[in-house]
Amino acid sequence: MKGEMGATAPESLRVISRRLSVTEPATIDPMPRPLHAVIHTQALKANLARVRLAAGDARVWAVVKANAYGHGVARVFEGLRAADGFAVLDLAEAQILRGLDWRGPILLMEGVFEQRDLELCSRLDLWHVVHTEAQIDMLSRHKSQVPQRVFLKMNSGMNRLGFAPERFRSAWVRLNALPQVDEITLMTHFAHADDAVGVGEQLQVFHHTSHDLPGERSLANSAAVLRHGADAAVLGDWVRPGIALYGSAPDHPLHSAAHWGLLPAMSLRSCLIGLQDLKAGDEVGYGGLFKAPHAMRIGVVACGYADGYPRHAPSGTPVLVGGVRCATVGRVSMDMLCVDLTPLPQAQLGTEVTLWGQASTEEVLCIDEVAAAAGTVGYELMCALAPRVPVSSN
Ligand SMILES: *Cc1c(COP(=O)(O)O)cnc(C)c1O
């Protein structure tokens, strides 16, 4: 039986370190931990194709805000470059895309925050959302030779960003009169595309307020495309999927990513760096949150909340060890977490652990399941991947 200080431990860890530094010389420090994330370019391509299938004739923005939902804008670029445009939140993301030589449309989804942002919009040829009078004021003061393409956003009921329906038309008239403005696309965002309430009410408000205004339409996020895409009015001319591209179901647990035909775009993998044989009654981790009900073996995984793994994941959160579904035990600590190895008696130091995504052996643990166990959503886990975790693509 191999204990934590077993003779094979240092050697097996050295082997893993060497393997990692071969695949990822640029981003790995001299003493890497075995934890790393892999971004799957083929999965991104397949997910984009899947969304396109549901989007009919609508053009597709690939939403890459929040650093491409934690995947990295530059890392997902290859997998998503078949999109019709990229939708971003901040100018830095737009600059990265132009730096990658993307010549197609880029949309700033919250528009500009300051007057001077408009100069960068002109320089980088960005389309931008207009959701407040203040942004129209800025546009009216902008000195530009080339008029800009804008997306005028209506608050059709979510009460986040956008003009209230009764102010929408006057905003459109004001924008339309500006020489700084080129085409105006009409836009809104749904609050219930992913749940049983659906999009009906907001769709009606949007249509009622804007049906006789000219211009293209953009309404649908991932959930709206996948769940309500049979209605061409929901799809409009431009859809804005984000989460589906990354392989997470927008309406989990109602439907799984597999149900929608989506593949994980990110795999978070590590390995066992310790083993402990517990007697009945032994505790695991801080606060002794887990008490062994009987003799059992647990493994210690190099991954903790400082890596972005949710600290609130309780005992029982699913994890793949050597591709076999196991469960976490005890409290997640900063750099480590523990797993019950009962389903995999042959597990040893160095055995691969997949926290979410696809194991090397191809079994899949959807990020949505881990998120649900921790009381959150796949979006948050992806976005929270810590900068210290080395990332590679395949
Ligand atoms: C984030 C965002 C999207 C994408 O939403 P998903 O649920 O990830 O598909 C679309 N539109 C707007 C305005 C957004 O902020």
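Begin by selecting Thr41, which has its place in helix 2; helices (H or I, at least four residues) and strands (E, at least two) are DSSP runs, numbered from the N terminus. This is a predicted model, in which local features need pLDDT of at least 70 and side-chain atom pairs count only at pLDDT 80 or more, while totals for chains, interfaces and linings use all residues. Residues are numbered from 1 along each chain as its sequence is written, and side-chain values use heavy atoms, with hydrogens and water left out.

Is Thr41 buried or exposed? Thr41 counts as buried because its relative accessibility is 11%, where buried means under 20% relative accessible area, exposed over 50% and partly exposed in between, with a 1.4 Å probe and protein chains only. Leaving aside residues up to four places away in sequence, Thr41 touches Glu78, Gly79, Ser393 and Asn394, contact meaning heavy atoms within 4.5 Å.

**Helix 2 against helix 4**

Now select residues 41–55 and 73–80 together, which are helix 2 and helix 4, and look at their axes, which come within 7 Å and cross at roughly 55 degrees. Axes here are lines fitted to C-alpha atoms, for helices over the stretch in contact, and angles run from 0 to 180 degrees between N-to-C directions. On the side of helix 2 the contact is made by Thr41, Leu44, Lys45 and Leu48, and on the side of helix 4 by Val76, Glu78, Gly79 and Leu80.

Next, select helix 6 (residues 117–124), where Asp117, Leu118, Leu120, Cys121 and Leu124 are buried. Seen down the axis of helix 6, these buried residues fall within an arc of 160 degrees, so they line one face of the helix; the arc is that of the directions from the helix axis to the C-beta atoms.

Step on to Asp125, in the loop between helix 6 and strand 5, where phi is near 55 degrees, a positive value in a residue other than glycine. At 48% relative accessibility, Asp125 counts as partly exposed.

Then select His252 and Pro253, whose peptide bond is cis, with omega near 5 degrees; Pro253 has its place in the loop between strand 9 (238–239) and strand 10 (266–278).

**Phe206**

Which residues does Phe206 touch, not counting those up to four places away in sequence? They are Met154, Ser156, Leu186, Met187, Thr188, Arg217 and Leu219. Phe206 is found in helix 9 (residues 200–210) and counts as buried at 4% relative accessibility.

**The whole chain**

Finally, zoom out to the protein chain, which has 13 helices and 19 strands, and whose C-alpha atoms fill a box of roughly 80 × 45 × 35 Å, taken along the principal axes. Of its 394 residues, 54% count as buried.
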